[in-house]
Amino acid sequence: MKRWLLRGQRAAARRHTTQPLMRRLLDAPLPRGRDTVSEHELVCLDMETNGLDAASVDMLSVGWVIVRNGQVDVSSATRRLLNANSEVGDSATVHGITDTDLTRGISLTDALDQVVTALTGRILVVHHAGLDKAVLDRLCRVHYGCRLIVPVIDTLALAIARSHRQHHLASRQSLRLPDLREHYGLPYYAAHDCLVDALATAELLLAMLAHHGEGAATRMSTLMTA
């Protein structure tokens, strides 16, 4: 997405929120297209939910790790379990989080505050923005009065774009995070833990940049999907 468009969206959002944390995020500088990955910090994030409909699911856990200078900062790894208001239901068979686990979690407000703080002045990286970013947008509208307007790199979107440029569309299965990691020679990680998946996404992005681009010298204009 063009920097000027994000800037315009942020200006409009400032009129709809008085929340200090969100206003600090909206006031933070945006990356320029000619900037490189090494010039910015990336927040690779993943969440576990009780469903797949971004318009209605609850966030059960969220994890993130920061990429600095083109390297994963393992010391920044953060995982938060939420005290959700709804039941886990059948989704427990996917991520292993139970209703009892959630009683030990933090509030959604606290979790969102921490996510927004982590993202202030940084770039969000997710694998499938259509779910994770969409859920965050909805929750931020409720809690802050505006959606989460941050630069986004979507590793799934990058994989799809590259498969199109190679004149073939990879199968849906091959675009899953574990399968893409295997394609780039990365080790297998058990899926569906938010922090593990956040780390897996960070490593995938760096592997994709090393294989297709110029590593940490890759320009942001070739990566940002929003």
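**Helix pairs and loop residues up close**

**View 1. α1 and α2 are roughly antiparallel to each other, since roughly antiparallel is the label for angles over 145 degrees (under 35 is roughly parallel, 65 to 115 roughly perpendicular, and the rest oblique).** Helix α1 covers residues 3-14, and the angle between α1 and α2 is about 155 degrees, with axes 9 Å apart. Axes here are lines fitted to C-alpha atoms, for helices over the stretch in contact, and angles run from 0 to 180 degrees between N-to-C directions. Helices (H or I, at least four residues) and strands (E, at least two) are DSSP runs, numbered from the N terminus. The α1/α2 crossing is left-handed, meaning that the near helix is turned anticlockwise from the far one by less than a right angle (clockwise would be right-handed). On the α1 side, R10, A13 and R14 make the contact, and they meet R23, L25, L26 and D27 of α2; contact means heavy atoms within 4.5 Å. Sorted by type, the α1/α2 contact has 3 nonpolar, no polar and 4 charged residues. For that sorting, Ala, Val, Leu, Ile, Met, Phe, Trp, Tyr, Cys and Pro count as nonpolar, Asp, Glu, Lys and Arg as charged, and the others, Gly among them, as polar.

This is a predicted model, where local features need pLDDT of at least 70 and side-chain atom pairs count only at pLDDT 80 or more, while totals for chains, interfaces and linings use all residues. Numbering starts from 1 along each chain as its sequence is written, and side-chain values use heavy atoms, with hydrogens and water left out.

**View 2. Here α2 (residues 20-27) packs against α5 (residues 108-119).** The angle is about 20 degrees, and the axes sit 9 Å apart. That makes α2 and α5 roughly parallel, and their crossing is left-handed. From α2 come L21, M22 and L25; from α5 come D113, V116, T117 and L119. This contact splits into 5 nonpolar, 1 polar and 1 charged residue.

**View 3. Turn to α5 and helix α6 (residues 132-144), which pack at about 110 degrees.** Their axes are 11 Å apart, and at that angle α5 is roughly perpendicular to α6. The α5/α6 crossing is left-handed. L108, T109, L112, D113, V115 and V116 of α5 face L136, L139, C140, H143 and Y144 of α6 in the contact. By type, that gives 8 nonpolar, 2 polar and 1 charged residue.

**View 4. N69 is not a glycine, yet its phi is positive, at about 55 degrees.** Look for N69 in the loop between β2 (59-68) and β3 (71-81). N69 has 60% relative accessibility and so counts as exposed (buried is under 20% relative accessible area, exposed over 50% and partly exposed in between, with a 1.4 Å probe and protein chains only).

**View 5. H128, also not a glycine, has a positive phi near 95 degrees.** It lies in the loop between β4 (123-126) and α6. At 37% relative accessibility, H128 counts as partly exposed.

**View 6. Zooming back out, the chain has 9 helices and 5 strands.** Along the sequence they run α-α-β-β-β-α-α-α-β-α-β-α-α-α. Of the 226 residues, 46% are buried. Among contacts with a separation of 6 or more, 66% join residues 24 or more positions apart.
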